[in-house]
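Subject: Structure handover

Hello,

Here is the structure you are taking over. My notes on what was found in it follow below.

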Amino acid sequence: MVSRPVVSRSVTLAAAMLLAVSAIAGCAKKDSGATTADGVKLVKSGKLVTCTHLPYPPFQSKDTSGKVIGFDVDLIDLTAKKLGVTQEVIDTPFEGIKSGQDLNSGKCDVAAAGMTITDARRQVLDFSDPYFDATQALAVPAGKPYKSLADLAGKRLGVQGNTTGDEYVKKQVKEKGLNIEVVAYQDLGSEQQALATGQIEAAVGDLPVWNEYVRNNPDKVVIAAGFNTGEQYGFAVKKGGNAKLLQTVNEALAEAKRDGTYDKLYEKWIGAKPAA
């Protein structure tokens, strides 16, 4: 007769409990995304996840309740509606957006951050059709005599780092040999605060954004000059990774322009639309 090992009841019970815990853990799977009925891949079921960088009014900012609102938000909502999902906005550093890293890693489905379409960015992002014509502006404290970059010789000029405004100013300084100290800030809010507190003599950034700031601070800041750089904004998706979503974004934009929705949102967030 072969002797058998004695297994204690406590050991058997512990093993059963371990198997039960493992089964529960196996059921609690991470949301691996979904594909809509028309073939659009999303990183989260029932959501169109948007990466942006706050604050950047009137394109995206938080209201008093903490909700993210703005021109970009309303336009991307049109795409979400076409997909039968709701939009979820994630605030993330702009570097991760423009480099394509956030989209490549699956952090979000689409980037909407008042982002200028450039050849360099096209190498790492798939852009939508342009949805906004932009230009750069020179903002200065009210009463200051500055009317151009050349007037800022020996002064400190603020820009938002890693933006086309940053690139434009540095190019002008280099090509024209301007004696200007360029100070780059991580976000728009820091740049605007620096101007308001006298840490810099002037600031350069996208015109509609600074127009919004001037409207809210009419006695403190004025737009001294504009620089027509021919910039256009676009939304972006993962490079080579979501053609169906890009198609849906473009369709939503085209429909909004045809039925007047785009003009209504433009007037709501930007102001009177320039004549064609």
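The lining of the second largest pocket is made up of four nonpolar, four polar and three charged residues. Please keep in mind that this is a predicted model. The pocket in question has a volume of about 190 Å³. Its lining consists of Lys41, Leu42, Val43, Leu103, Asn104, Gly106, Cys108, Asp109, Lys238, Gly241 and Asn242. Strand 2 (41–42) and helix 4 (101–104) each contribute at least two residues to that lining.

Next, the nonpolar cores. The largest nonpolar core has 42 residues, of which Leu48, Phe59, Phe71, Leu75, Tyr131, Phe132 and Phe235 touch the most other members. Among the elements that give two or more residues to this core are helix 2 (71–83), strand 9 (132–141), strand 11, strand 13 (221–233) and helix 9 (243–259). Another core lies apart from the largest one; it has 17 residues, including Leu138, Leu157, Val169 and Ala225.

Leaving aside residues up to four places away in sequence, phenylalanine 132 touches Phe59, Phe71, Pro208, Glu231, Gln232, Tyr233, Tyr262, Tyr266 and Ile270.

The last item is glutamate 181, which is in strand 11 (residues 181–185). Glutamate 181 has a relative accessible area of 43%, so it counts as partly exposed. Again leaving aside residues up to four places away in sequence, glutamate 181 touches Lys155, Arg156 and Leu157. The side chains of glutamate 181 and arginine 156 are joined by a polar contact of 2.9 Å. Between the C-alpha atoms of glutamate 181 and alanine 153 there are 8.5 Å, although these residues are 28 residues apart along the chain.

Regards

Note on methods:
Residues numbered from 1 in each chain as written. Predicted model: local features only at pLDDT ≥ 70, side-chain atom pairs only at ≥ 80, totals over all residues. Heavy atoms only, no water. Helix = DSSP H or I, 4+ residues; strand = E, 2+ residues; numbered from the N terminus. Buried < 20%, exposed > 50% of the residue type's maximum accessible area, 1.4 Å probe, protein only. Contact = heavy atoms within 4.5 Å. Polar contact = N/O pair within 3.5 Å; in protein donor to acceptor, adjacent residues only side chain to side chain. 1 Å grid on protein atoms, 1.4 Å probe; cavity = no way out; pocket = protein on both sides within 12 Å on 5 of 7 lines; lining within 4 Å. Points joined across faces, edges and corners; volume = space filled by probe spheres on them. Nonpolar A, V, L, I, M, F, W, Y, C, P; charged D, E, K, R; others polar. Core = buried A, V, L, I, M, F, W, Y, C linked by side-chain atoms within 4.5 Å.
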